Amino acid sequence: MHNLFSKKASVIALVLTLCFTLVLAGCGNGSNNTSGDSGSTNSADHSSDPANASGKLTVWGWDKAWFEGTGAKFNEKFPNVKLEFVEVSAGDYLKKIQTSIAAGSGLPDIIWGEAAFRGALYELNVLQSLSEEPYKFDTSNLLDFELPLLTNSKGELVGLEQSGSPGALAYKRDLAKEYFGTDDPDALTAMFTDWDAFIAKGKEVYEKSGGKTFMLGSLMDAYTILSNQGTTAVVDGTKVNTQELLRIFTQLQSIRDNNTEGKLAMWSPTWNASYSQDNVIFYPAANWSPEFVIKPNDKASNGRWGLMVPPEGGYPYGGTTIGIWKDSKNKDAAWAYLNWLLGTDEGAEANFATSDYILPLKSFFKDTSKLSSGADEYFGGQDLGKFWVEKVFPNMKSKAVTKYDQDIYSSSELVLQVMAQDNSFDAAQALDKWEEQLKKNHPELTFE
């Protein structure tokens, strides 16, 4: 999925430069406000009667293909709402928002928040709360894991999800058969019930291959999964849960010490090249990875790849909040757009038809047969759509997002670069170094 791949690439840019070319664009304040009441998700006049929704909406975003495809379907039902798209890269987005706030130049009616920076976006206080009147979005309609990803520190729902982004493990079937005796995804999931089992097998793979093959490409591959599993947040308010970080770093040290990772540096040219080679078996993968990471990096393969649930379950990997600027002059039209597109089954079907995006709506999951993507020859005949909705989504959990998420990631990456190269650098030292890095930008944090 293109926007999610762009998101992941933007994460890397963010953590390497602490800045996720500003794009000059006008703000979409708009003046053609509709005259209806805003109402709730189920009873709002403009939500149920397209005739009551009118006006011009400006949207800043990076996934133009998705915007145009879903926008065309929206306009079939809401012909009096004009949508204007201003392209801003995910890497530049937060800074453009911040610059516009500082300049007092206004913001677009519809604001996007990519996973890496949405916690920071929420705390800028520019998004309309959808928890209060007249919106009152019923959060019980969402899959349970989604709510922490859409909620600010005040407990307000400030947007809806563009696409649930489930995370799993992609693997090479031929290497799985060679080292584990099976390439069946369910059998592999049963084999690797926890990370200790995964690490133990990784040690065997390294020894059997003569040090040429690894379970994972890098410590950051493992961190991508481990840091997103579960519900325990690293930061709560201004209090840092150092024990949670120590737990993660200890697991990562074990991965390193048992030669379970190949020190390739995630997203580097050598890491990308490893997809078509035999030196790495497993990779973190979201539902956007097959199209925008795996297939481009291993073009000649056919039937080599599979997807499985990782040790200790699925995890959120990417995602984008879409919300309404709280000072928009077109809130009725903005709510009609947002609610229909991301809060209804009809909008969910438009998303799936346009880009295979799966909205995390409970009602949309009642009949998972419609989310089947069919046998994928590239993935050995595996039905990837069924895999995501039946194997990963049901057991996903998530952590609350915070304004510190970008710096948490960047500090972790710097620390893990040292850990990967220096075998004497242990988890306790990693935690100390991590604290030192985070304190540079956030002296208000307390470490417990």
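Rings of Phe, Tyr and Trp (for Trp, its six-membered ring) are taken to pair if their centres lie within 6.5 Å, and a pair counts as stacked when the planes are under 30 degrees apart, as edge-to-face when they are over 60 degrees apart, and as tilted otherwise. By this rule the count comes to 36 aromatic pairs. The model is predicted, and therefore local features need pLDDT of at least 70 and side-chain atom pairs count only at pLDDT 80 or more, while totals for chains, interfaces and linings use all residues. Residues are numbered from 1 along each chain as its sequence is written, and side-chain values use heavy atoms, with hydrogens and water left out.

## Aromatic rings

One of the pairs joins Tyr-171 and Phe-282, whose ring centres are 6.3 Å apart and whose planes stand at 45 degrees, so the pair is tilted. Helices (H or I, at least four residues) and strands (E, at least two) are DSSP runs, numbered from the N terminus. Tyr-171 belongs to strand S5 (residues 166–172) and Phe-282 to strand S8 (residues 282–286), so this pair ties together parts that are 111 residues apart in sequence. Both Tyr-171 and Phe-282 are buried, a term that means under 20% relative accessible area, with exposed meaning over 50% and partly exposed in between (1.4 Å probe, protein chains only).

In another pair, the rings of Phe-180 and Phe-192 have their centres 5.3 Å apart and their planes at 85 degrees, so the pair is edge-to-face. Phe-180 lies in helix H6 (residues 173–180), whereas Phe-192 lies in the loop between helix H7 (185–191) and helix H8 (195–208), so the parts tied together are 12 residues apart in sequence. Phe-180 is buried, as is Phe-192.

Ring pairs also link Trp-60, Trp-62, Trp-66, Phe-67, Phe-85, Tyr-93, Trp-112, Phe-117 and Tyr-357 into a cluster. The ring of Trp-60 has the charged end of Lys-96 over it, 4.7 Å from the ring centre; for such an arrangement NZ of Lys or CZ of Arg must be within 6 Å of the ring centre and within 35 degrees of the ring normal. The charged end of Lys-295 likewise sits over the ring of Tyr-378, 5.4 Å from its centre.

## Helix packing

Two packed helices are described by the angle between their axes and the distance between the axes. Axes are lines fitted to C-alpha atoms, for helices over the stretch in contact, and angles run from 0 to 180 degrees between N-to-C directions. The axes of H6 and H8 come within 11 Å and cross at roughly 95 degrees. This makes H6 roughly perpendicular to H8, where angles of 65 to 115 degrees count as roughly perpendicular, under 35 as roughly parallel, over 145 as roughly antiparallel and the rest as oblique. Glu-178, Tyr-179 and Phe-180 of H6 make the contact with Lys-201, Val-205 and Lys-208 of H8, contact meaning heavy atoms within 4.5 Å. The residues of this contact of H6 with H8 divide into 3 nonpolar, no polar and 3 charged; here Ala, Val, Leu, Ile, Met, Phe, Trp, Tyr, Cys and Pro count as nonpolar, Asp, Glu, Lys and Arg as charged, and the others, Gly among them, as polar.

Helix H3 (residues 64–77) packs with helix H13 (residues 331–343) at an angle of about 110 degrees, their axes being 11 Å apart. H3 is thus roughly perpendicular to H13. On the H3 side the contact is made by Trp-66, Phe-67, Thr-70, Lys-73, Phe-74 and Lys-77, and on the H13 side by Ala-336, Tyr-337, Trp-340, Leu-341 and Leu-342. The residues of the contact of H3 with H13 divide into 8 nonpolar, 1 polar and 2 charged.

Gly-71 also lies in H3 and, at 4% relative accessibility, counts as buried. Leaving aside neighbours within four places in sequence, Gly-71 is in contact with Trp-66 and Leu-83.

## Backbone geometry

Most residues other than glycine have a negative phi, and most peptide bonds are trans. The peptide bond from Glu-133 to Pro-134, however, is cis, with omega near 5 degrees, and Pro-134 is found in the loop between helix H5 (118–122) and strand S4 (160–161).

| Residue | Phi | Relative accessibility |
|---|---|---|
| Lys-136 | about 50 degrees | 42%, partly exposed |
| Lys-263 | near 60 degrees | 37%, partly exposed |

Lys-136 lies in the loop between H5 and S4, and Lys-263 in the loop between helix H10 (242–257) and helix H11 (269–273).
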